[in-house]
Amino acid sequence: MKKSVKILLTVLCLIFVGIFAFSGYKLYSIMHEYKVAENKYNDLSNRFVNSDRKKTESEMSEEDKLANEETSPIDVDFNALREQCADVVGWIYSEDTVINYPMVIAEDNFYYLRRMIDGNYNSSGTLFLDCLNEGDFSSKNTLIYGHNMRDGSMFASIRNYDKQEYYDAHPKLYINTPDGNYRVEVFSAYITDADSDTYTIGFSSDEDYQAYLDKMVSQSAFTSDVKPTSKDRIVTLSTCTYEYADARFVVQGRLVPIN
């Protein structure tokens, strides 16, 4: 074999080894980030969320049901949590899913995109409200953003709402805030553009708002008995999806105050 050929093969071999090593390092880095985020959010839940209240509707007393005194299945110590991060405005919880996270709001929609609530970089980021929303969920439409993580964390699981059976098993979520708690009655889920009218926050009239709600219901991948009206406030959970460029998957639900 000619010397030049041997040199070429050696160089190619070194390149392949380098690519393999770099790929391994990147994979390790990604998995490490996932684990750091998982541990952080589990720690927050263990420290600031009272799991003793995590009971299903079937476990509620008949007296509570008759009195319509539904309580959130979780209790959050927001005073202590806000000592960790003053930007925290709520906590979202979905039974039998990974969704059990704090929510924040910032001056822009970029700060928490790749940061956890302690400010440290992490690709999982933090669930955050649109900076144009009111932080007390008083907007007609509160937008909540979260990543579609490959390990299934953050808002990856809301992608399952494209199936009727998943909706039937998870027709509601819960949002706790420092000022009150809510049951989120899910009424629609679909794929949309990143700049579609789904992301409208304010409306010029009740008629415009009702037309918007009717359109959102009509786009849903599942059928629901929940029919929101212009008197309701809603939340829109938004995550990336990859059917086409700048596609988003959204889940929308009506806010119902509870204890």
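This is a predicted model: local features need pLDDT of at least 70, side-chain atom pairs count only at pLDDT 80 or more; totals for chains, interfaces and linings use all residues.
D96 counts as exposed because its relative accessibility is 70%.

## The largest nonpolar core

The largest nonpolar core contains 65 residues, of which L81, I92, F137, I144, Y161, I175 and L237 touch the most other members. Strand β8, residues 180-193, gives the most to this core, with six residues.

The surroundings of I92 illustrate the contacts of one of these residues. Beyond residues up to four places away in sequence, I92 touches I99, N100, Y101, M103, L127, F155, L173, Y174, I175 and L237.

## The loop around I201

I201 is placed in the loop between β8 and α5 (206-218). With a relative accessible area of 17%, I201 is buried.

Although I201 and N133 are 68 residues apart along the chain, their C-alpha atoms are separated by 7.2 Å. Contacts of I201, leaving aside neighbours within four places in sequence, are made with D130, L132, N133, S139, K140, N141 and L143.

## Salt bridges within helix α1

The whole structure holds eleven salt bridges. One of them joins E38 and K35, whose closest N and O atoms are 3.7 Å apart. Both residues lie in helix α1 (residues 3-48), three residues apart, or about one turn of the helix. E38 is partly exposed at 40% relative accessibility, and K35 is partly exposed with a relative accessible area of 44%.

R47 and D43 form another salt bridge, with an N to O distance of 3.2 Å. This pair also lies in helix α1, four residues apart, about one turn of the helix. R47 is partly exposed, with a relative accessible area of 45%; D43 is likewise partly exposed, at 31%.

## A salt-bridge network

The side chains of R254 and D232 meet in a salt bridge of 3.6 Å, N to O. R254 belongs to strand β10 (residues 247-258) and D232 to the loop between α5 and β9 (234-240), so the pair ties together parts 22 residues apart in sequence. Both R254 and D232 are buried. Through shared partners, salt bridges join E70, R183, E185, D232 and R254 into one network.

Conventions:
Residues are numbered from 1 along each chain as its sequence is written. Side-chain values use heavy atoms; hydrogens and water are left out. Buried means under 20% relative accessible area, exposed over 50%, partly exposed in between (1.4 Å probe, protein chains only). A nonpolar core is a set of buried Ala, Val, Leu, Ile, Met, Phe, Trp, Tyr and Cys residues joined through side-chain atoms within 4.5 Å. Helices (H or I, at least four residues) and strands (E, at least two) are DSSP runs, numbered from the N terminus. Contact means heavy atoms within 4.5 Å. A salt bridge is a side-chain nitrogen of Lys or Arg within 4 Å of a carboxyl oxygen of Asp or Glu.
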